[in-house]
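We will go from the overall layout to the core, then to a cavity, and end at a single side chain.

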Amino acid sequence: MLPRCSPRRTVFDVTSSRTPHAVAEAVPAPLAPDEPARLSALFATGLLDSEPEALFDNITGLASTILGTPISLVSLVDADRQWFKSAVGLAVRQTPRDQAFCAHAILRPDQPFIVEDTFTDQRFATNPLVTGAPHIRFYAGVPLVTQDGHALGTLCVIDQEPRQLSPEQ
C-alpha cells in the first residue's frame with residue numbers, strides 16, 4: 001500500500017474565460033501511428049469515466065510530493081479529450097485533446113516527455129492551458145503503456161514556474 005501524501009493543495013480551474021482580444025491556440029499533437037489499436041486498448045481497460053480510486057489518488061499525491069508540484073494527474077487520452085482518472089490540484093476532470101500535453105507525451109511511449117518552460121516551446125507557448133488557467137509553465141509526463149506497447153495516457157506533474165528536474169526526481 002502506498003503512503004498517503006499531502007502535497008500543496010492549490011486547486012486550479014481551467015474553465016476561466018479567455019480575453020476576447022487574444023485567443024490562444026494550441027498546437028495539437030499528431031495521432032499515434034497505432035491510434036486505432038491504442039484507443040481499443042484504452043476502452044478495453046474500462047477506466048474512462050470511472051469513479052475515483054484511492055490507489056490512483058495516492059500515486060498522484062506521491063508524484064506531487066516527490067516533484068514538488070502543485071498539480072499531478074493520471075491522464076487517459078481518448079479520441080477527443082484527455083480525461084483525468086486522478087487529479088491533485090486541478091478542479092476539472094478533462095480537457096480537449098488538442099490542448100493536451102499528454103497527447104504529445106504518448107507519442108513516445110518509451111521515454112518521459114518534459115517541457116521545462118512552455119513559454120520557450122513553440123508547441124505550447126500559445127496553448128490556452130499556458131496563457132490561461134492553470135498557467136502551465138512546466139510539464140513532465142511518463143506514458144502509461146500496456147504490455148502490448150500502447151500508450152494510454154500519462155502520469156504527469158505540472159507547475160506554474162519553469163523548472164528542471166533534479167537527478168533524484
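How many helices and strands does the chain have? There are four helices and six strands, taken as DSSP runs numbered from the N terminus (H or I of at least four residues for helices, E of at least two for strands). Along the sequence they follow the pattern α-α-β-β-β-α-β-α-β-β.

A word on the ground rules: this is a predicted model, where local features need pLDDT of at least 70 and side-chain atom pairs count only at pLDDT 80 or more, while totals for chains, interfaces and linings use all residues. Residues are numbered from 1 along each chain as its sequence is written, and side-chain values use heavy atoms, leaving out hydrogens and water.

Of the 169 residues in the chain, 49% are buried, meaning under 20% relative accessible area with a 1.4 Å probe and protein chains only. Counting contacts (heavy atoms within 4.5 Å) with a separation of 6 or more, 63% link residues 24 or more positions apart.

Now look inside. A nonpolar core here is a set of buried Ala, Val, Leu, Ile, Met, Phe, Trp, Tyr and Cys residues joined through side-chain atoms within 4.5 Å. The largest one has 23 residues, and Leu73, Ile136 and Tyr139 touch the most other members. Two or more residues each come from strand 1 (71-77), helix 3 (101-105), strand 4, helix 4 and strand 6 (151-159), with helix 3 giving the largest share, four residues. Beyond its neighbours within four places in sequence, Tyr139 is in contact with residues including Phe101, Phe113, Val115 and Ile158. A second, separate core of seven residues includes Leu39, Ala41, Leu42 and Trp83.

A cavity is a set of points on a 1 Å grid over the protein atoms alone where a 1.4 Å probe fits but cannot get out. The largest cavity has a volume of about 90 Å³, which is the space filled by probe spheres set on its points, joined across faces, edges and corners. Among its 13 lining residues (those with an atom within 4 Å of a point), Leu73, Gln82, Leu129, Ile136 and Ile158 are the closest to its centre.

Finally, find Asp117 in the loop between strand 4 (113-115) and helix 4 (128-131). Asp117 is buried, with a relative accessible area of 19%. Its side chain makes a polar contact with the side chain of Arg137 at 3.0 Å; such a contact is a pair of N or O atoms within 3.5 Å, where one must be able to donate a hydrogen and the other to accept it, and residues adjacent in sequence count only if both atoms are side-chain atoms.

How values were computed. Buried means under 20% relative accessible area, exposed over 50%, partly exposed in between (1.4 Å probe, protein chains only). On a 1 Å grid over the protein atoms alone, a cavity is a set of points where a 1.4 Å probe fits but cannot get out, and a pocket is an open set with protein on both sides within 12 Å along at least five of seven lines; lining residues have an atom within 4 Å of a point.
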